[in-house]
Amino acid sequence: MFTITHRKPSNPISNLFNQCFITIALVLFFSAPPIFAASWPELNFVPVVNGLERPIHVAHAGDGRGRLFIVEQPGRIKIFNNGSLQPTPFLDISDRISCCGERGLFSVAFPPGFAAKGYFYVNYTNTAGNTVVSRFSVVGTGDTADPTSESIILTVDQPFANHNGGQIAFGPDGMLYIGMGDGGGGGDPLGSGQDLLSLLGKLLRIDVESGVQPYAIPANNPFVTASNARAEIWASGLRNPWRFSFDRENGDLYIADVGQNQYEEVNFQGAGSLGGENYGWNILEGNHCYQQPSCNNQGLVNPVLEYDHSSGDHSITGGVVYRGGIFPRMRSVYLFGDFVSGRVGGMRRSNTNFESALLADSDFLISSFGEDESGEIYVADINGTVYRIEDNVRYSELTISGLLANYQAGDTIQATVTETSPQRTVTQDLWVAISTPDGQLLYLTGQPDTQLSIEPQPFKRQVTPNDRSHEILNITLAPSILPGTYRLYAIHNDPNPGTLDLSSTLRSTIAEAVITVTK
């Protein structure tokens, strides 16, 4: 992120202005959207599709077609595209599904290169109540799949009807990750979470794209050479990791684990992890010893977030980190919810720690969060509706135009800032600044008598969403121009007179023109 700093100039402003600009070599680019450290988003939920039967997962195929795939718990996957729900299900395997409660069709995952491969994976409980991970192939144009094309990859016996996990997802490494609950029964009576010879209570990592049938064990799995552990295990000590997700920007892994009696939790695994983490269940519930006053927590990894049940929350639904391009305050925020209370929270990095906040209180039964191909986030209400999550502040995009390649003394230089994105919905201030070859920073004031100032101030205040183009320079170059490199910056910011705090109130990308001055 580019940060504007204030340096007091050594020469009078009038002298510098009289020396202004330049023979130009122009480079124009936009900085990456910043991370917001101070203000939390104010969430709105926009209905996208309703009339669904127990929607329980939302995903995209990454094939550039812009489709949303919505999993219905009784055994169907439907496609939402171009504003409408496809009438024919993408996949219908309700004939082999046990439903509902904590059983059913749980999730869908598309492998890297799905557009060419034409197959995908699902996780469900079969009619015997056991976990099945299997592969299906599409037919025709790819808007439907053949239910008879099933190839079973993995089956795991389930001793009880609950705590089946259900999430599958491809990681940035191309491996398939599978969330497995502890098998249920309350309190992990079989001790599955800490039993490395059991696949229950674990996060599994397998290779389903190597050509080895039904799957291969990645050579760098943490227990691949251990005689007392299943080689499929990537992490252990989980109760019911109903939803987990990878940050699409950096590969970090967030695992939301549903609690037992008192605590819900989010576990974090950095992208550089070698696996093998033990998240503590059933020694710990959250950060606390489970049903005992003390316990040995050596080697256990504590969650980065926990919340208790005292306010009516009882079952965490893990979400995703927002990496879309429309809502700046949502960026880098991990959104999650509670199935019972309907509350939606946010968590984000704060230096080396995490901070969190309650963002919304809904009446949804939140079954899942999901992303589209652009990184925009959706939330599913199991009552039948999928909503798009929005903030009331949106990005604006600015560009600087009108600059020519070659200028001599006496020439006129003109520049215009234009907003190119239609997304902005709020009134903002426009700031324009110039950095000089000797390290100073000046602000364009928008006043004809004093066009530059060393004091931070906006070029124009209260810019409405309809006010999209602004001439910022129209001057004649003086013979005494100072040679070197000048940079011209334009940015939208919250109306806040006299203050420009990029870390907390920035509301647009930064447009930059790099200008090289020659005599």
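## Disulfides in a predicted model

The torsion about the S-S bond of Cys-289 and Cys-295 is about -80°, so this disulfide is left-handed. The sulfur atoms of Cys-289 and Cys-295 lie 2.0 Å apart. The model is a predicted one, and the structure holds 2 disulfides. A disulfide is a covalent bond between the sulfur atoms of two cysteines.

The other link joins Cys-99 and Cys-100, with sulfur atoms 1.7 Å apart. With 75° about its S-S bond, the link of Cys-99 and Cys-100 is right-handed. When the bonded cysteines of the chain are numbered in sequence order, the pairing reads 1-2, 3-4.

| Residue | Relative accessible area | Class |
|---|---|---|
| Cys-99 | 36% | partly exposed |
| Cys-100 | 29% | partly exposed |
| Cys-289 | 27% | partly exposed |
| Cys-295 | 23% | partly exposed |

Why does Cys-295 count as partly exposed? Cys-295 has 23% relative accessibility, and buried means under 20%, exposed over 50%, with partly exposed in between. Cys-99, at 36%, is also placed in the partly exposed class.

Confidence in the model is described for the chain and for one stretch of it. The mean pLDDT of the chain is 88, and 90% of its residues reach 70 or more. Over residues 1–38, pLDDT stays under 50. For residues 1–38 the model has 119 contacts beyond four places in sequence.

Definitions and conventions. Residues numbered from 1 in each chain as written. Predicted model: local features only at pLDDT ≥ 70, side-chain atom pairs only at ≥ 80, totals over all residues. Heavy atoms only, no water. pLDDT = per-residue confidence, 0-100. Contact = heavy atoms within 4.5 Å. Disulfide = S-S within 2.5 Å. Buried < 20%, exposed > 50% of the residue type's maximum accessible area, 1.4 Å probe, protein only.
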